[in-house]
Amino acid sequence: MRLVIMGPPGAGKGTQAVVVAQSLGVPHISTGDIFRANVSQGTPLGEEAQRYMDAGEYVPDSITNAMVRDRLSRDDCDPGFLLDGYPRTLEQVNELDAMLRSDGRAIDKVIELTVDTEAVVQRLLNRAQEQGRSDDTAEVIRRRLEVYFEQTAPLTSVYRERGLILEVDGMGDVPVVTERILSALSG
Ligand code: ADP
């Protein structure tokens, strides 16, 4: 299973992705987590990425694509993977297609988590208090949502045309949403 999970910031992608990947026995690949790990380790990639992340902007495609290419080439991705937070731009969609195609692979399904925007802002503000993520301030949250609706939401129509989209209601308790995802995947 080669999967992508999409949805606005605060939709619970990360939370669901961890559980779903574990249950399917494939690696969970979160570009946000990889960037944050690089930031906390102070790597050159982290230093570059942090400026964008703290402003709620996307890290440039050239950087993100190279990072994902490297990650997907590892052996643990042979049985499949669950991509979380990638692709986020049309260029990333095209690049991902090219990376997979060169090994005769392709994306099998795209899970789209749908949520109520108001609820999402509230979740992110709560997370800001609990985890203190530097991009979870009210102003940066607004910007991240704007960027998502401008640049990433339209990608779902690309995948919809290919018949890959599984739309899943992301509102409700975590285990309830997980169950919806797993049953959509097996259906
Ligand atoms: P969320 O979806 O909740 O905003 P993520 O952890 O997925 O959080 O991403 C955090 C930040 O990392 C993004 O706002 C962006 O700056 C950067 N980022 C993550 N994935 C990508 C990507 N595919 N392309 C560009 N930037 C990315």
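Axes are lines fitted to C-alpha atoms, for helices over the stretch in contact, and angles run from 0 to 180 degrees between N-to-C directions. This is a predicted model: local features need pLDDT of at least 70, side-chain atom pairs count only at pLDDT 80 or more, and totals for chains, interfaces and linings use all residues. Numbering starts from 1 along each chain as its sequence is written, and side-chain values use heavy atoms, without hydrogens or water.

**H2 with H4**
- Helix H2 packs on helix H4 (residues 61–72) at about 100 degrees, with the axes 11 Å apart; helices are DSSP runs (H or I, at least four residues) and strands likewise (E, at least two), numbered from the N terminus.
- The two are therefore roughly perpendicular (65 to 115 degrees).
- Thr31, Ile34 and Phe35 of H2 meet Ile63, Thr64, Met67, Val68 and Arg71 of H4 (contact: heavy atoms within 4.5 Å).

**H2 with H3**
- The axes of H2 (residues 31–41) and H3 (residues 44–55) come within 8 Å and cross at roughly 115 degrees.
- H2 contributes Gly32, Phe35, Arg36, Asn38 and Val39, and H3 contributes Leu45, Gly46, Ala49, Gln50 and Met53.

**Nonpolar cores**
- The largest core has 20 residues; a core joins buried Ala, Val, Leu, Ile, Met, Phe, Trp, Tyr and Cys through side-chain atoms within 4.5 Å, buried being under 20% relative accessible area (1.4 Å probe, protein chains only).
- Ile5, Leu82, Ile111, Leu113, Ile181 and Leu185 have the most contacts inside it.
- Elements supplying at least two residues each include strand S1 (2–6), strand S4 (109–114) and helix H9 (174–186).
- A second, separate core of 19 residues includes Val4, Val68, Leu83 and Ile107.

Definitions and conventions. Angles under 35 degrees count as roughly parallel, over 145 as roughly antiparallel, 65 to 115 as roughly perpendicular and the rest as oblique. Buried means under 20% relative accessible area, exposed over 50%, partly exposed in between (1.4 Å probe, protein chains only).
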